[in-house]
Amino acid sequence: MVKVDVKGCCSFVDEAQYQAYVEKALAAFDVLEAETGEGNDFLGWKHLPTEIPNSLVNDVEAVRNNWAAKGVDLVIAIGIGGSYLGAKCVIEALSHNFAKQLRRKDAAEVVFAGNNLSEEYLAELMDLAAERNVACIVISKSGTTTEPAVAFRVVKQFLESRYGKVEASERIVAITDAVKGALKTLSVQEGYKTFIVPDNVGGRFSVLTPVGLLPISVAGFDIRQLIAGAAAAEKELAVRSEDNPAVVYAAMRNLLFSELGKKVEILVNYNPKLTYVAEWWKQLYGESEGKNGTGIFPASVNNTADLHSMGQFIQEGSRVMFETVLHVENAQRSVVIESDEQNLDQLNYLSGRHVEHCNHMAELGTRIAHIDGGVPQIEICMDKVDAFNLGMLLYLFEFACGISAYTLGVNPFNQPGVEAYKKNMFALLEKPGYEEATKAIKQRL
Ligand code: PA5
């Protein structure tokens with residue numbers, strides 16, 4: 001199992017304080033397990049790993065095989081927020097760092113759209129599409145989100161003019177609500193294959209539904225291992241115990257926030273492949289906890305690169321943060337530092353050492369330095385970055401998020417604040433129905 005180690009917080013908190021927060025976290029665990037808390041109609045993610053039907057996994061893999069048979073080498077996955085970040089984080093974590101440059105052909109390349117409104121981005125995406133054999137996955141639970149809708153209109157028109165309407169409809173899969181939303185209506189009309197986002201699973205908890213599984217599978221990764229890892233975590237984390245890793249993580253982060261004023265949590269990695277795990281985690285915790293004027297601000301750094309940019313601030317700046325370090329025990333590739341006769345770089349003392357040994361010593365040295373500098377350290381340890389371990393990690397973060405938000409006293413499963421920018425944007429775009437809001441906002445410009 002992925003482990004949570006809070007020894008790096010010991011010098012900041014005393015045992016009685018910690019026990020008090022473990023009790024709070026266990027009470028929140030009970031609410032999550034009894035399904036009696038706020039937002040309890042959005043708990044479908046809890047048993048996804050152990051309850052995903054094999055037929056659904058087969059169906060997802062059939063799309064991958066069907067597109068592979070057509071020679072599809074570029075899949076545009078359209079979605080934003082929870083309809084984007086889960087797939088992006090798993091694909092980045094499991095991909096060769098230089099897959100694009102190596103031009104590996106063992107699976108389609110998955111690129112993302114609909115996660116911004118940049119005209120340049122879309123135009124340049126179409127430059128890429130023009131040179132490739134293309135299919136598209138369009139994902140929107142509500143089926144009405146503007147960013148993916150705009151991107152899909154462009155990509156749909158491209159596919160229809162390139163392949164004709166009938167073939168285009170074979171190259172488009174929609175993932176949306178079972179009955180409602182514009183994307184559902186369009187899919188029925190155009191005859192797209194569709195997958196359903198279950199009603200009781202919110203966007204940021206949807207990585208183990210087709211929202212995440214389809215893009216991950218078409219990118220060539222083993223979704224069965226991802227699900228198996230999450231299922232192992234689901235079973236282990238269901239045990240009520242003060243040693244439950246989700247309870248430990250939720251208890252310590254709430255203690256640091258509420259008693260020590262640590263308002264920022266930095267998720268730290270020492271492997272560039274984990275950059276988007278942090279982006280996914282930021283959405284999960286940011287949208288789940290940041291409401292009612294409270295919540296820990298989730299941030300992230302990629303070390304050792306960021307030790308040479310953010311390191312100064314973390315060591316000596318405002319003492320508002322704690323760190324949660326993603327520790328990966330084993331590298332899956334090997335590079336050994338060789339001896340050099342001249343030793344001009346004075347690195348011979350490392351001869352015979354693996355580069356990952358240096359990475360681990362940088363991590364340990366940073367951990368000690370940051371503790372000395374007043375930054376408590378939580379460590380999350382995983383064996384290696386593979387599909388099984390990622391499945392465990394993602395589920396741990398989801399389950400701990402539910403416990404942590406309930407400990408904090410907020411509903412983890414809504415995001416009312418996201419509507420504010422949408423209303424202003426629609427007013428400024430003069431969307432029909434927003435006439436009064438348009439007048440009002442224009443007076444403020
Ligand atoms: O977590 C969430 O619910 C949000 O981030 C949504 O995923 C995001 O707003 C996209 O919504 P939709 O899938 O309805 O287009």
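Three salt bridges are counted between domain 1 and domain 2, a salt bridge being a side-chain nitrogen of Lys or Arg within 4 Å of a carboxyl oxygen of Asp or Glu. The model is predicted, so local features need pLDDT of at least 70 and side-chain atom pairs count only at pLDDT 80 or more, while totals for chains, interfaces and linings use all residues. Residues are numbered from 1 along each chain as its sequence is written, and side-chain values use heavy atoms, with hydrogens and water left out.

The protein is divided into domain 1 (3–37 + 241–408), domain 2 (44–226) and domain 3 (420–445), with bounds from an automatic or database domain assignment. The centres of domain 1 and domain 2, taken over C-alpha atoms, are separated by 30 Å. To their contact (heavy atoms within 4.5 Å) domain 1 gives 27 residues and domain 2 gives 24 residues. Between them the two domains bury about 2,200 Å², 64% of it on carbon and sulfur atoms; buried area is the accessible area (1.4 Å probe) that two parts lose on being put together, summed over both. On the domain 1 side, K273, Y276 and E398 lose the most area to domain 2, together 28% of what that side buries.

The largest pocket holds about 1,200 Å³ of space. A pocket is here an open set of points on a 1 Å grid over the protein atoms alone, where a 1.4 Å probe fits, with protein on both sides within 12 Å along at least five of seven lines; lining residues have an atom within 4 Å of a point. Grid points are joined across faces, edges and corners, and the volume is the space filled by probe spheres set on the points. Of the 43 lining residues, A99, K100, A108, E109 and V110 are the closest to the centre of the largest pocket. Because domain 1 and domain 2 both give residues to its lining, the largest pocket lies between them.

The second largest pocket has a volume of about 890 Å³. Its lining comprises 28 residues, of which N97, N271, K273, Q332 and R333 lie nearest the centre. This second largest pocket also has lining residues from both domain 1 and domain 2, and therefore lies between them.
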